[in-house]
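Subject: Structure handover and notes

Dear colleague,

Please read them with the model open beside you.

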Amino acid sequence: MSTGQIRVVLVDDQQLVRAGFRMVIDSQPDLTVVGEAGDGAAAVELLRRTPADVVLMDVRMPGTDGIAATELVTALPEPPRVVVLTTFDLDEYVVAAIGAGASGFLLKDAPPEEMLAAVRTVHAGDSVIAASSTRRLLQHVAPILRGAGNGGGTSQVDPDALAELTPREREVLVQMAYGASNTEIAAQLFVSEATVKTHVGRVLFKTGSRDRVQAVVLAYRTGLVAPADLLRDAPA
């Protein structure tokens, strides 16, 4: 963990994209770009020798793509957190990247302030789920997440994965799946934000989820939340 600035690595096959991200990130006093890579293989090699806190990882790249690279990066001894950069037409890649260990996803055309917030959010140990653009993307991804629990892929969903959750913890997990932040969950359930943080921690522990994203995936795969629920009840 960095003692000062948050160390960021940029991975994208388009040099102009990386240059734009670097300009925005290096303009912030608490952030610094410590490396760049134009493909997944180069990113893995870079991160083996360069300590970093957060990686902004493009999905589609020549050679080793962002999904394979994310899996390799998150398996490193002291892995950084990975935010996958995607577009609306790549829903299946988002699901695969989350399965590979990404801590969240961000639209490539998101405004600079959302990118900066994403970096700070994952560095703080949370996951990028609550941003408005990400919430819209979640509406597209949710049906795929739901289908992924029906025997597809390598992930096997334990039907009792949520059995240890209390009713309140289930409520919190549902709100997490809607894309609500801790502040929004606190307002929705009429409790303090500190209480929500405690509930979120217990949800992660009891479900064996690495982070908020994994817990959300589990909520869809077990059927606790359906895509239709997201569209109908998600916070505005």
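A residue is called buried here when its relative accessible area is under 20%, exposed when that area is over 50%, and partly exposed in between, using a 1.4 Å probe and protein chains only. Please keep in mind that this is a predicted model, in which local features need a pLDDT of at least 70 and side-chain atom pairs count only at pLDDT 80 or more, while totals for chains, interfaces and linings use all residues. Residues are numbered from 1 along each chain as its sequence is written, and side-chain values use heavy atoms, with hydrogens and water left out.

The chain as a whole

The secondary structure comes to 11 helices and five strands, where helices (H or I, at least four residues) and strands (E, at least two) are DSSP runs numbered from the N terminus. Of the 236 residues in the chain, 48% are buried. The accessible surface comes to about 10800 Å², and 53% of it belongs to carbon and sulfur atoms; these areas come from the Shrake-Rupley method with a 1.4 Å probe, and for residues only the protein chains shown count as cover. Taking contact to mean heavy atoms within 4.5 Å, 69% of the contacts between residues at least 6 apart in sequence join residues that are at least 24 apart.

Asp58 is found in strand β3, which covers residues 54–58, and it counts as buried because its relative accessibility is 5%. Leaving out residues up to four places away in sequence, Asp58 touches Val11, Asp12, Asp13, Gly66, Leu85 and Lys108.

Strand β3 runs parallel to β4, and five bridges join the two; two strands are said to pair if DSSP finds at least two bridges between them. Within this pairing, Val54 has Arg81 of β4 as its bridge partner. Strand β4 (residues 81–86) also pairs in the parallel sense with β5, over four bridges, and there Thr86 stands opposite Leu107 of β5. β4 is mostly covered, with five of its six residues buried. In β5 (residues 104–107), Gly104 and Leu106 point one way and Phe105 and Leu107 the other way, and all of them are buried.

Helix α3

Gly66, one of the residues that Asp58 touches, belongs to helix α3 (residues 66–73), whose buried residues are Gly66, Ile67, Ala69, Thr70 and Val73. Seen down the axis of α3, these buried residues fall within an arc of 165°, so they line one face of the helix; the arc is that of the directions from the helix axis to the C-beta atoms. The N-terminal end of α3 is capped by Asp65, a side-chain oxygen of which lies 3.2 Å from the backbone nitrogen of Ile67.

Thr70 is buried, with a relative accessible area of 0%. A polar atom of its side chain lies 2.7 Å from the backbone oxygen of Gly66. Residues up to four places away in sequence aside, Thr70 touches Met57, Val82, Val84, Ala97, Ala100, Gly101 and Ala102.

Leu189 is found in helix α8 (residues 182–189) and is buried, with a relative accessible area of 11%. Apart from residues up to four places away in sequence, Leu189 touches Arg168, Glu171 and Val172.

Thr207 is found in helix α9 (residues 193–207) and counts as buried at 15% relative accessibility. Its side chain is joined to that of Ser209 by a polar contact of 2.7 Å, a polar contact being a pair of N or O atoms within 3.5 Å of which, within protein, one must be able to donate a hydrogen and the other to accept it, with residues adjacent in sequence counted only if both atoms are side-chain atoms. Setting aside neighbours within four places in sequence, Thr207 is in contact with Ala161, Leu162, Leu165 and Leu218.

Finally, Tyr220 lies in helix α10 (residues 212–221) and counts as buried at 0% relative accessibility. Tyr220 and Val174 are 46 residues apart in sequence, with 9.3 Å between them in space, C-alpha to C-alpha.

With best wishes
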